Amino acid sequence: MTSRSEHLHRDAYIDLIKRGITNYPYLGGDRSFEDFRCVTHYDLEKGRWKIDSLARPFTLLTKSQLDLIEQAIGSLQERGVAGDFIEAGVWRGGAIILMLALLRAYGIAGRKVFAADSFSGIPKNVRAINDPVDSWSDRWAASLDEVGGNIDRFGLLDDNVRFVPGYFSETLKHLANEKFSLVRLDSDSYDSVETSLEYLYPLLSAGGITIIDDWHLPGCRMAVMDYRARHNIEDDVREYDGNAYWVKNQDYGFPALP
Ligand SMILES: C[S@@+](CC[C@H](N)C(=O)[O-])C[C@H]1O[C@@H](n2cnc3c(N)ncnc32)[C@H](O)[C@@H]1O
């Protein structure tokens, strides 16, 4: 049994991690953490940050989107859904840092966190045409060294993290013997999201959770719809702060939203 004060310490640690990876203390200004979006510091037209590179956040996710990860992991623990966690598309590693912190804070043993990325940015689509992502000048590249270093800065670089470096079309097939309970897809383009689903969704346990980060991007949404249609997936999709998620096999129920 965890005591009330242990819960308070755990929640305070996780809250601090969320503030740290978004760099809210430095970038937040007058906004509350709930309303803060680091992308307001990003020049979409020029495709570059309006802030010094040292001040860049470790994740693009909002507090709510980070809360959704915590809620999903809590629900997987509660329902005893087996499998590791994977994010395909990690950029500077902030969401991976949160997942590792959650393992530590909740005392979760026997689950690993997989970080899959080219560590050189989003490749151009091969199969999809007219995906707006192809016109982005910024490919959201962060090297493996940088991501490892970022995780280390938070004191979380240990055996719980497994890096999967390279393009999804080459790397994800080598995970065929793994089992996942959480699959978080954050790779923006039609091709990348579709490839991730092809390789990773069959490895997701029943009752496992898929989170799609880029539900607002037409290529990503189309990739998800195409995949679901092709595989007759009818589990309800829910939206939360611009992310979409669903539970594999509806009879396992939905986790409550944060
Ligand atoms: C928007 S960023 C991810 C943001 C990150 N999840 C966060 O917490 O802010 C997209 C990432 O997807 C990766 N990516 C996109 N397509 C890929 C592919 N086909 N293979 C490997 N990595 C890919 C890019 O390298 C980039 O790091």
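1. Aspartate 241 lies in the loop between strand E8 (238–240) and strand E9 (243–247), where strands are DSSP runs (E, at least two residues) and helices likewise (H or I, at least four), numbered from the N terminus. Although aspartate 241 is not a glycine, its phi is positive, at about 50°. Its relative accessibility is 26%, so aspartate 241 counts as partly exposed (buried means under 20% relative accessible area, exposed over 50%, partly exposed in between, with a 1.4 Å probe and protein chains only).

2. The model is predicted, so local features need pLDDT of at least 70 and side-chain atom pairs count only at pLDDT 80 or more, while totals for chains, interfaces and linings use all residues. Residues are numbered from 1 along each chain as its sequence is written, and side-chain values use heavy atoms, with hydrogens and water left out.

3. Asparagine 23, found in the loop between helix H1 (4–22) and helix H2 (24–27), also has a positive phi, near 60°, in a residue other than glycine. Asparagine 23 counts as buried because its relative accessibility is 15%.

4. The ligand is surrounded by 21 residues, the closest being Thr59, Leu60, Asp117, Asp186 and Ser192 (a residue is near if one of its heavy atoms lies within 4 Å). This shell divides into ten nonpolar, seven polar and four charged residues.

5. Polar backbone atoms of serine 118 and phenylalanine 168 each lie 3.0 Å from a nitrogen atom of the ligand, and an oxygen atom of the ligand is 3.3 Å from a backbone N or O atom of glycine 121. Taken alone the ligand exposes 600 Å², of which the protein buries 97% (Shrake-Rupley method, 1.4 Å probe).

Methods:
A polar contact is a pair of N or O atoms within 3.5 Å; within protein, one must be able to donate a hydrogen and the other to accept it, and residues adjacent in sequence count only if both atoms are side-chain atoms. Ala, Val, Leu, Ile, Met, Phe, Trp, Tyr, Cys and Pro count as nonpolar, Asp, Glu, Lys and Arg as charged, and the others, Gly among them, as polar.
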